[in-house]
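Colleague: Could you take me through this one? I'd like to hear what stands behind the labels.

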Amino acid sequence: MKTQNLPTLSALEEFACQLAKLWGPGDIVLLDGPMGAGKTAFTQALARHWGVEEPVTSPTYALIQLYDGKFPLVHMDLYRLGSEEEFEMIGGPEYLQKPYLCVIEWSQRLPESYWPAQAWRLVFDYENSGRRVQGRWP
Ligand SMILES: Nc1ncnc2c1ncn2[C@@H]1O[C@H](COP(=O)(O)OP(=O)(O)O)[C@@H](O)[C@H]1O
Ligand SMILES: [Mg+2]
């Protein structure tokens with residue numbers, strides 16, 4: 001397990017840029033950690049790297065947003081997800097595979113039957129006035 005300090009937003013953007021190069025269609029990126037820890041900011045930086053021109057906003061109410069860039073990017077925020085049935089109703093399962101690259105905030109709310117066999121998981125947290133992230137990356 002590695003830890004990366006992200007004292008500023010630009011440190012976070014640089015880190016996102018580094019990881020964005022590793023990921024492509026079919027990858028699933030799970031982002032966890034408390035409210036405000038930087039999950040959406042990290043997703044926004046990834047999206048910019050992948051050529052998404054639209055502003056990426058937090059899909060807290062919509063739960064899922066689809067963006068067009070170098071490939072279709074799916075951004076989920078499962079904080080308000082109620083049930084497995086709701087996940088299916090909003091079309092969640094479809095996005096956990098190619099051609100999509102799926103970034104999921106609050107991944108612990110993902111229904112157990114949809115836990116991916118392989119995924120990248122990053123856990124964000126507060127650190128002094130900035131943030132830090134833990135996970136496995138090359
Ligand atoms: N590494 C960081 N350093 C400083 N500010 C940050 C950092 N990461 C995120 N922020 C700021 O914290 C606020 C909440 O971030 P956000 O990404 O919305 O959190 P989350 O999606 O985890 O709830 C935003 O205003 C964002 O700009
Ligand atoms: Mg968020």
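Modeller: Let's start with α1, whose buried residues are Leu12, Ala16 and Leu19. Bear in mind that this is a predicted model, where local features need pLDDT of at least 70, side-chain atom pairs count only at pLDDT 80 or more, and totals for chains, interfaces and linings use all residues. Residues are numbered from 1 along each chain as its sequence is written, while chains are lettered from A and ligands numbered from 1 in the order in which they are written.

Colleague: How do you know that the buried residues of α1 line one face?

Modeller: Look down the axis of α1: the directions from the axis to their C-beta atoms fall within an arc of 65°, so one face it is. They pack against β1 (2–6), α2 and β7.

Colleague: What makes the span of α1 close to the expected one?

Modeller: The expected span is 1.5 Å times one less than the number of residues. With 12 residues, α1 is expected to reach 16 Å, and its first and last C-alpha are 16 Å apart.

Colleague: And which residues are closest to ligand 1?

Modeller: Leu6, Gly38, Lys39, Thr40 and Ala41, out of 16 that surround ligand 1 (C-beta within 6 Å). α1 (9–20), α2 (39–49) and β7 (130–135) each give two or more residues to that shell.

How values were computed. Helices (H or I, at least four residues) and strands (E, at least two) are DSSP runs, numbered from the N terminus. A residue is buried if 20 or more other C-beta atoms lie within 10 Å of its own, exposed if 12 or fewer, and partly exposed in between; C-beta atoms are placed from the backbone. Two residues are in contact if their C-beta atoms, placed from the backbone, lie within 7 Å.
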